Amino acid sequence: MTTATTATVHPGRVTQVRVLNSEWIKLRTLRSTFWSLFAAIAATIGLGLLFSWGFASRVGDHARPLHDAATMAVTVPLRPYVIAQLAVGVLGVMVITGEYSTGMIRATLSAVPGRLPVLWAKAAVFSVVVLVLMEIVSFVTFLGGQAILSSQHVQATLSSPQALRIVTGVGLYLTVVGLLGTALGAIIRSTAGAIAALFGILLVLPVLGEVLNLTSWGRHITPYLPSNAGGDLLTNAPDPGSLGPWTGFGVFVLYTVIAMAVAAYLLKRRDA
């Protein structure tokens, strides 16, 4: 006599850890992840070394001496962060808008009915990858640039005033830029629209800030513009009236937190 046994299938419970694992698989298998990060790395290291070589050449030209060369040596190799932020920001946008463009977001939100764990997982996985990678790139670029500058004896070290804060700040700044892109992507749900908004914040607002600086009241506003505030972390020669390195960066983080909160609210309220 055969006894039939019925197996009870217990579907896996949705947990934040499982959602994190899912988003990690998505991120590392996307072709755009490789190319965006490659562009950020190539721009930072390649242009950083090029800028260092150009700066060393100018210092070596005694007909055109540079004042405060030792101070400038800290920041010169890392100036390409301005270009790297565009690649990282685009990737941050596409982390979420890529699913909206293909319609995959409906499957993702069906698998995770709570919705918010998806946003938190995307933000966490993306930020960890960018932070670790860009911190490594920042240190490599800084040390490589100083090796070039040493030919003119103006190189800096990590123990130079403000140097360690600036080098580590590059990775922190780029991570927040990417998270701001992710938040804008969730809010706008269009790759082109979110990238345009992000570039406007990073590139257009500072130009408008220069115009505002011509007025007395404008000088009180421009330090609080997102990229101006965040950029205070990456300079050792701050402009008069700037917020200061960590205060400015804190303001930049606050903008991103607010954007992420708006993204979370809309993700819960809107249809997929």
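The legends below accompany several close-up views of one predicted protein model.

**Notes for all views.** Residues are numbered from 1 along each chain as its sequence is written, and side-chain values use heavy atoms, with hydrogens and water left out. Since the model is predicted, local features need pLDDT of at least 70 and side-chain atom pairs count only at pLDDT 80 or more, while totals for chains, interfaces and linings use all residues.

View 1. Helices (H or I, at least four residues) and strands (E, at least two) are DSSP runs, numbered from the N terminus. The C-alpha trace spans about 100 × 50 × 30 Å along its principal axes, and 43% of the 272 residues count as buried, a word that stands for under 20% relative accessible area with a 1.4 Å probe and protein chains only. Among contacts (heavy atoms within 4.5 Å) between residues at least 6 apart in sequence, 77% join residues at least 24 apart.

**View 2. The largest nonpolar core has 57 residues.** A nonpolar core is a set of buried Ala, Val, Leu, Ile, Met, Phe, Trp, Tyr and Cys residues joined through side-chain atoms within 4.5 Å. The residues with the most contacts inside this core are Leu119, Phe126, Phe142, Tyr173 and Leu180. Helices that each supply at least two of its residues include H1 (16–29), H2 (31–60), H6 (116–149) and H10 (245–269), and H7 gives the most, with 13 residues. Apart from this core lies another, of 8 residues, among them Val59, Ala73, Val76 and Leu149.

**View 3. A close-up of Tyr173 shows its contacts with residues elsewhere in the sequence.** Not counting residues up to four places away in sequence, Tyr173 touches Tyr81, Gln85, Leu202, Ser227, Gly230, Gly231, Leu234, Phe249 and Phe252.

**View 4. The largest pocket holds about 1,000 Å³ of space.** On a 1 Å grid over the protein atoms alone, a pocket is an open set of points with protein on both sides within 12 Å along at least five of seven lines, and lining residues have an atom within 4 Å of a point. Grid points are joined across faces, edges and corners, and a volume is the space filled by probe spheres set on the points. Of the 35 lining residues, Asn228, Gly231, Asp232, Thr235 and Asp239 lie nearest the centre of this pocket, and H8 gives the most to the lining, with 5 residues. The lining divides into 16 nonpolar, 13 polar and 6 charged residues, where Ala, Val, Leu, Ile, Met, Phe, Trp, Tyr, Cys and Pro count as nonpolar, Asp, Glu, Lys and Arg as charged, and the others, Gly among them, as polar.

**View 5. The second largest pocket holds about 240 Å³ of space.** Of the 16 residues that line this pocket, Leu30, Met94, Val95, Gly98 and Glu99 are the closest to its centre. H1, H4 and H6 each supply at least two residues of the lining, with H4 giving the most, at 6 residues.

**View 6. The search of the whole structure finds 1 cavity of 30 Å³ or more.** A cavity is a set of grid points where a 1.4 Å probe fits but cannot get out. The largest cavity holds about 30 Å³ of space and is lined by 10 residues, of which Tyr100, Arg189, Leu267, Arg270 and Asp271 lie nearest its centre. By class, this lining has 6 nonpolar, no polar and 4 charged residues.

Methods. Buried < 20%, exposed > 50% of the residue type's maximum accessible area, 1.4 Å probe, protein only.
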